[in-house]
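Here is a short report on one protein structure. Keep the sequence and the 3D view open while reading.

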Amino acid sequence: MKDQYFGDVNDYRKYGLLRAFSAAGLRLGVCWMLTPSDGSADGKHTGYWQEPNRWRKFDPELYDALAQCAGNAALRRVANAPAWNLLPNAVYFTQMLSDSREHRASFFLAAHAALSAADLVFFDPDTGIAGKSRVLGRKDSSKYLWWSEVSSVFATGQSVLLYQHWHHKDRESQVEASVTALREHTGAPLICTFRTSFVLFLLAAQESHVTASQEALTVVATRWQGQLVPGQGLTGGSA
């Protein structure tokens, strides 16, 4: 996650998804995995601020908050998520993440401690889960999350929600591979996917969070039609 992404249309959908879980009674822990802004065009999908008739209906309160960023680049900071109470009762870990293997180890120790009270931990890396070609500690490794980091959090009794950028032309294959890997690394009784045009979100829910997660799934399907598309709940090892 970078400050330059804050408030764009992908963030609108992301916060909408997280707010559904919050409304279902799960306390959120947000691990931004913050990296420095890079001056690229990423985060420029902000035209929705000028189209309230099309976009505001999905979550008016959230829309009005994020639309404050229009014409004011200084407001595009993730620090405004708690400042504007975008995710009620959430806890955040906002430390910057570097490529250093040593720093990464201390980063996740601190994150686990800061987010220990959360029911559901959301990881927001720049890109998503690291592929086999990625090496921990190498350049740009801070843009990725490793499966071992996911499984260690799930093992504490917390559910996990992951950000994953689309990278396959065959999106169905990417979804299938991601769901299979998430199941293998967590053994979660409930795994769900949420798709947008740019992003795949992956949920692994603890048994104690299945009912609330299914409530959130229903809210998303009802309120965010065409913007956040929930996958069928995947339970008990079924595909």
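Gln164 is part of strand 6, which spans residues 159-165. The model is predicted. Gln164 has a relative accessible area of 4%. That is under 20%, so Gln164 counts as buried.

## Two helix pairs

Two packed helices are described by the angle between their axes and the distance between the axes. Two pairs are described here.

Take helix 6 and helix 7. Helix 6 covers residues 147-154, and helix 7 covers residues 171-186. Their axes lie 9 Å apart, at an angle of about 50 degrees. Helix 6 is therefore oblique to helix 7. The crossing of helix 6 past helix 7 is right-handed. Helix 6 contributes Trp147, Val150, Ser151 and Phe154 to the contact. On the helix 7 side, the residues are Ser178, Ala181, Leu182, His185 and Thr186.

Now take helix 1 and helix 8. Helix 1 runs over residues 9-23, and helix 8 over residues 210-223. The axes come within 8 Å of each other and cross at roughly 135 degrees. Helix 1 is therefore oblique to helix 8. Helix 1 passes helix 8 in a right-handed crossing. Leu17, Ala20 and Phe21 make the contact from helix 1. Ser213, Ala216, Val219 and Val220 make it from helix 8.

Asn10 is located in helix 1. Is Asn10 buried or exposed? Its relative accessibility is 18%, so Asn10 counts as buried. With neighbours within four places in sequence left aside, Asn10 touches His45 and Phe198.

Thr180 sits in helix 7. Its relative accessibility is 32%, so Thr180 counts as partly exposed. The side chain of Thr180 reaches back to a backbone atom: the oxygen of Glu176, at 2.9 Å. Thr180 and Ile191 are eleven residues apart along the chain. Their C-alpha atoms are separated by 9.6 Å.

## Loop residues

Two loop residues have positive phi values without being glycine. One of them is Asn89, with phi near 65 degrees. Asn89 belongs to the loop between helix 4 (80-83) and strand 2 (91-93). Asp140 has a phi of about 70 degrees, and this residue is not a glycine either. Asp140 belongs to the loop between strand 4 (128-129) and strand 5 (144-145).

How do the two stand in accessibility? Asn89 is exposed, because its relative accessible area of 55% is over 50%. Asp140, at 25%, counts as partly exposed.

Ala118 is another loop residue, placed between helix 5 (101-114) and strand 3 (120-123). Ala118 is at 6% relative accessibility, so this residue counts as buried. Beyond its neighbours within four places in sequence, Ala118 contacts Arg27, Leu28, Gly29, Val91 and Gln158. Leu217 is 99 residues from Ala118 along the chain. The C-alpha atoms of this pair are 19 Å apart.

## Cysteines

How many disulfides does the structure hold? The count is zero. Cys31 has 0% relative accessibility, so Cys31 is buried. Cys192 is at 2%, and therefore counts as buried as well.

## Accessibility at a glance

The table collects the relative accessibility of residues discussed above.

| Residue | Relative accessibility | Class |
|---|---|---|
| Cys31 | 0% | buried |
| Cys192 | 2% | buried |
| Gln164 | 4% | buried |
| Ala118 | 6% | buried |
| Asn10 | 18% | buried |
| Asp140 | 25% | partly exposed |
| Thr180 | 32% | partly exposed |
| Asn89 | 55% | exposed |

Terms used. Residues are numbered from 1 along each chain as its sequence is written. This is a predicted model: local features need pLDDT of at least 70, side-chain atom pairs count only at pLDDT 80 or more; totals for chains, interfaces and linings use all residues. Side-chain values use heavy atoms; hydrogens and water are left out. A disulfide is a pair of cysteine sulfur atoms within 2.5 Å. Buried means under 20% relative accessible area, exposed over 50%, partly exposed in between (1.4 Å probe, protein chains only). Helices (H or I, at least four residues) and strands (E, at least two) are DSSP runs, numbered from the N terminus. Axes are lines fitted to C-alpha atoms, for helices over the stretch in contact, and angles run from 0 to 180 degrees between N-to-C directions. Angles under 35 degrees count as roughly parallel, over 145 as roughly antiparallel, 65 to 115 as roughly perpendicular and the rest as oblique. A crossing is left-handed if the near helix is turned anticlockwise from the far one by less than a right angle, and right-handed if clockwise. Contact means heavy atoms within 4.5 Å. A polar contact is a pair of N or O atoms within 3.5 Å; within protein, one must be able to donate a hydrogen and the other to accept it, and residues adjacent in sequence count only if both atoms are side-chain atoms.
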